[in-house]
Amino acid sequence: MLGSFHDAEDLAQETLLRAWRARDQYDPARASVRTWLYRIAANACLTALDGRARRPLPSGLGAPSDDPGAALAPALDVPWLEPFPDARFDAAARTDLRLALVAATQYLPPRQRAVLVLREVLQFSAAEVADQLGTTVPAVNSALQRARAAVAHIGDAAELAEPGDPAVRAVVDQYVRAFESADVTGLVKLLADDAVLEMPPVPLWYRGSRDYGLFMRRVFAMRGPGWQVRTLTANGQPALAAYAPEPSGAACALHSLQVLTIAGGQVTANVVFADPRVFAPFELPGQVSAGKLPQPR
């Protein structure tokens, strides 16, 4: 609902505090503990979202750029969508935390967002959700219908394989080898024709393998070869922690967290999070030793 790992942690604590303070009011005859806690959580989120701006990705703010050399000025005033470390949630929830779905959910009014999460993700009945949100079953059903229509363009989660799928791992391994070798041609071969590259907090984004490749040439020209990459997962998707070579050549510093969408054996999207604040939940080292520097291609 919040689109922010840090906000979610704060609201989880707020939920437990509210539950503790209201423990004498809990009636097991009316609801299970699970239903009661999610009612508190949903209303804590609705209160937090009141008057708050949605959390977008760059692709939600305007048309793609056609200038691979555009200035990389971060928009620090935008409350960007944040990635979520897979280690913090049940594997069964992965498809519900895909970046594209969470980004689309941010465009819903808060109550529609709550209904979608409670009904579709947490599988509460319409009657339970009506009780949790203090509304009626027809209102819940109506909100769910509108929310489903708003996110229908995201597509079927079944089209995306799990990060551990051998075919997905093969694409990731090839992408890592090409990235660490500064092999732009190799990277482009792994991209879908309409692949999307975006880089919050920089509001720029690119669509198409050509512009993706041109931008990567710029990156390697600016920072040089010798990048180190660690693989992980985020939002139920394969992800990379990219470490850029330092001027001394002795080490590489954490540069970005890249969340890949892979479908049909190709990279269809890459969201490159470069704000250091998103790194902490993933417990990544800030620096790694440099390996043998490959020659740029």
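Is Val115 buried or exposed, and at what relative accessibility? At 3% relative accessibility, Val115 counts as buried, where buried means under 20% relative accessible area, exposed over 50%, and partly exposed in between (1.4 Å probe, protein chains only). The model is predicted, so that local features need pLDDT of at least 70 and side-chain atom pairs count only at pLDDT 80 or more, while totals for chains, interfaces and linings use all residues. Residues are numbered from 1 along each chain as its sequence is written, and side-chain values use heavy atoms, with hydrogens and water left out.

Val115 lies in helix 4 (residues 110-121); helices (H or I, at least four residues) and strands (E, at least two) are DSSP runs, numbered from the N terminus. Beyond its neighbours within four places in sequence, Val115 is in contact (heavy atoms within 4.5 Å) with Glu120, Val129, Leu133, Val140, Ala143 and Leu144. A separation of 6.0 Å is found between the C-alpha atoms of Val115 and Leu144, which are 29 residues apart along the chain.

Helix 4 is also one of the elements, with helix 1 (5-21) and helix 5 (126-133), against which the buried residues of helix 2 pack. These buried residues include Trp36, Arg39, Ile40, Cys45 and Leu49. The 17 residues of helix 2 (residues 33-49) should span 24 Å at 1.5 Å a residue, and the end C-alpha atoms are 24 Å apart, which agrees; the expected span is 1.5 Å times one less than the number of residues. Gly51, with a positive phi near 75°, follows helix 2.

Strand 4 is largely enclosed by the rest of the structure, because nine of its nine residues are buried. Strands pair if DSSP finds at least two bridges between them. Strand 4 runs antiparallel to strand 3 (residues 228-234), joined by seven bridges, with Gln228 partnered by Tyr243. Two residues separate these strands in a hairpin, and Asn235 in the turn has a positive phi of about 55°. Seven bridges also join strand 4 to strand 5, again antiparallel, and Leu240 stands opposite Gln258.
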